[in-house]
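Hi,

Here is the structure I promised to pass on. Have a look at it first, and then read on for what turned up.

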Amino acid sequence: MTDLVTGPDGLPRCAWGASTPDYAFYHDTEWGRPVRGDDALYERLTLEAFQSGLSWLTILRKRPAFRLAFADFRIERVATYGDADVTRLLGDAGIVRNRAKIEAAIVNARAALALPEGLSALLWSHAPPPRPARPGSFAEVPATTPESVALAKALKKRGFRFVGPTTAYALMQATGMVDDHLAGCHAGTVSSRDGMAP
């Protein structure tokens, strides 16, 4: 499989985005597009943490259940979760039932709520300037960058869990802080620095 694939609709896509209908929809409509708003970014951060060690496709398919289980990822609501909620979530077959990740989601909601500047402003303050050109192949796409290392450190310093440099970079890719759609991909047209305020 080449790094860029033309689908049945005639549109060129990053190969991973052409591998399943779920991936194609996510790739075309969401991945790499700028996301702002504390709750929206908390959702992406939480899902990236749950994905650790698993297929992203698993997380995508469980996303509706995650939204139900975590009150649509409303930070103020999840920050109030306690032991009874952890027990409830561990019994929810619709999500990934991992105690450490569930507890991290709750701790991270509390940490996000405590940020004076808000989660969106903190995350976007670590976005790098746009690269001169989009990558030509997956080999040019890094797993971490100095910015993702700095973001992971900033989050950990503020009490966040499950936010290593690789997870931080995946978050940057997913939320448009970087544009890692390959050169020629039809979906890679939205600049990560589009002038919108965090």
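Let me start with a term: a nonpolar core is a set of buried Ala, Val, Leu, Ile, Met, Phe, Trp, Tyr and Cys residues joined through side-chain atoms within 4.5 Å. Buried here means under 20% relative accessible area, exposed means over 50%, and partly exposed is in between (1.4 Å probe, protein chains only). With that in hand, the largest nonpolar core has 50 residues, and Phe 66, Phe 70, Leu 119 and Phe 160 have the most contacts inside it. In general, nonpolar side chains tend to be buried together in soluble globular proteins.

A word on where this comes from. It is a predicted model, where local features need pLDDT of at least 70 and side-chain atom pairs count only at pLDDT 80 or more, while totals for chains, interfaces and linings use all residues. Residues are numbered from 1 along each chain as its sequence is written, and side-chain values use heavy atoms, with hydrogens and water left out.

Now the overall picture. The protein chain has nine helices and two strands (DSSP runs numbered from the N terminus: H or I of at least four residues for helices, E of at least two for strands). In sequence order the pattern is β-β-α-α-α-α-α-α-α-α-α. The radius of gyration is 17 Å, close to the 16 Å that the globule rule gives for 198 residues, so the chain is as compact as a globular protein of that length (the radius is taken over C-alpha atoms, and the rule is 2.2 Å times the number of residues to the power 0.38). The C-alpha trace spans about 50 × 35 × 25 Å along its principal axes, and 48% of the 198 residues are buried. Of the contacts (heavy atoms within 4.5 Å) with a separation of 6 or more, 67% are between residues 24 or more positions apart.

Helix 2 is mostly covered, with ten of its 14 residues buried; among them are Leu 41, Tyr 42, Arg 44 and Phe 50. The cover over those buried residues includes helix 3 (56-69), helix 4, helix 6 (99-113), helix 7 (119-124) and helix 9 (165-174). Just after helix 2, Gly 53 takes a positive phi of about 85 degrees.

Which side chain does Glu 43 join through a polar contact of 3.0 Å? The partner is the side chain of Arg 63 (a polar contact is a pair of N or O atoms within 3.5 Å; within protein, one must be able to donate a hydrogen and the other to accept it, and residues adjacent in sequence count only if both atoms are side-chain atoms). Glu 43 lies in helix 2 and counts as buried because its relative accessibility is 6%. Arg 63 sits in helix 3 and is buried too, with a relative accessible area of 8%. Beyond four places in sequence, Arg 63 is in contact with Tyr 26, Glu 30, Glu 43, Arg 44 and Leu 47.

Arg 63 also marks a bend of about 55 degrees in helix 3, and Pro 64 follows within four residues (the bend is the angle between axes fitted to the seven residues ending there and the seven starting there). Helix 3 reaches 18 Å from its first C-alpha to its last, close to the 20 Å expected. At its start, a side-chain oxygen of Ser 55 comes to within 3.0 Å of the backbone nitrogen of Leu 57.

Then look past the end of helix 3. Ala 71 follows with a positive phi near 50 degrees, Asp 72 has a positive phi near 55 degrees, and Phe 73 has one of about 60 degrees although it is not a glycine. Asp 72 is partly exposed at 49% relative accessibility, while Phe 73 is buried at 0%. Phe 73 lies in the loop between helix 3 and helix 4 and is in contact with Glu 43.

Cheers

How values were computed
Expected span 1.5 Å × (residues − 1).
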